[in-house]
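Please open the model in your viewer and keep the selection tool at hand. Each stop below tells you what to select next and then what is there.

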Amino acid sequence: MADLPDDPALRARMQKLRIREEDLEESFIRGGGAGGQKINKTSSTVVLRHVPSGIEIRCQRERSQSQNRLIARQDLCDRLETAFQTAQLEIQNDREKLRRQTRARPRGLKRRFVAGKRHRAGIKEGRGKVGGDE
């Protein structure tokens, strides 16, 4: 991380998430909003794009470009962690759903189904035939 504040926690987090500096495209643009002449003259807003995932982060929280670079990287780590967790949860939910669908039904449930069918059959049998040939 060239001329970024030395933050070992952020470095470790990026390494854990397999984010490399070579995978990041970083550009700087002029910010918007309140701030007057200062915000209009300096390009302190950081646009950080993670090429493999396509995630783009814009950061304009601080007046300092270097602090915005650090915050943008932290936000990128947060977003990627959330995406990984969501994917893992989805896979786990699919497995659980499949397990529930394929498990054997309880014997009592089958007895209730059969009893319900017999009951309906008795009701239908009592109706008699439709028509006048009797």
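Select Arg-18, which sits in the loop between helix α1 and strand β1, where helices (H or I, at least four residues) and strands (E, at least two) are DSSP runs numbered from the N terminus. This is a predicted model, in which local features need pLDDT of at least 70 and side-chain atom pairs count only at pLDDT 80 or more, while totals for chains, interfaces and linings use all residues. Residues are numbered from 1 along each chain as its sequence is written, and side-chain values use heavy atoms, with hydrogens and water left out.

Most residues other than glycine have a negative phi. Arg-18, although not a glycine, has a positive phi of about 60°. Is Arg-18 buried or exposed? Its relative accessibility is 71%, so Arg-18 counts as exposed; buried means under 20% relative accessible area, exposed over 50%, and partly exposed in between, with a 1.4 Å probe and protein chains only.

Next, show helix α1 (residues 8–16) together with helix α3 (residues 65–102), whose axes come within 10 Å and cross at roughly 35°. Such axes are lines fitted to C-alpha atoms, for helices over the stretch in contact, and the angles run from 0 to 180 degrees between N-to-C directions. To see the contact (heavy atoms within 4.5 Å), select Leu-10, Arg-13, Met-14 and Lys-16 of α1, and then Leu-70, Arg-73, Gln-74, Cys-77, Asp-78 and Glu-81 of α3.

Now stay with α3 and colour its buried residues, among them Asn-68, Ile-71, Ala-72, Leu-76 and Leu-80. What covers the buried residues of α3 includes α1, β1 (24–29), β2 (45–50) and β3 (55–59).

From there, move to Thr-45, which lies in strand β2 and is buried, with a relative accessible area of 4%. If neighbours within four places in sequence are left aside, Thr-45 is in contact with Ser-27, Phe-28, Ile-29, Arg-30, Gly-31, Cys-59 and Gln-60.

Finally, select the cysteines Cys-59 and Cys-77. How many disulfides does a search of the whole structure find? The search finds zero, a disulfide being a pair of cysteine sulfur atoms within 2.5 Å. For Cys-59, the nearest cysteine sulfur is that of Cys-77, and it is 13 Å away. Cys-59 is buried, with a relative accessible area of 1%, and Cys-77 also counts as buried, at 0% relative accessibility.
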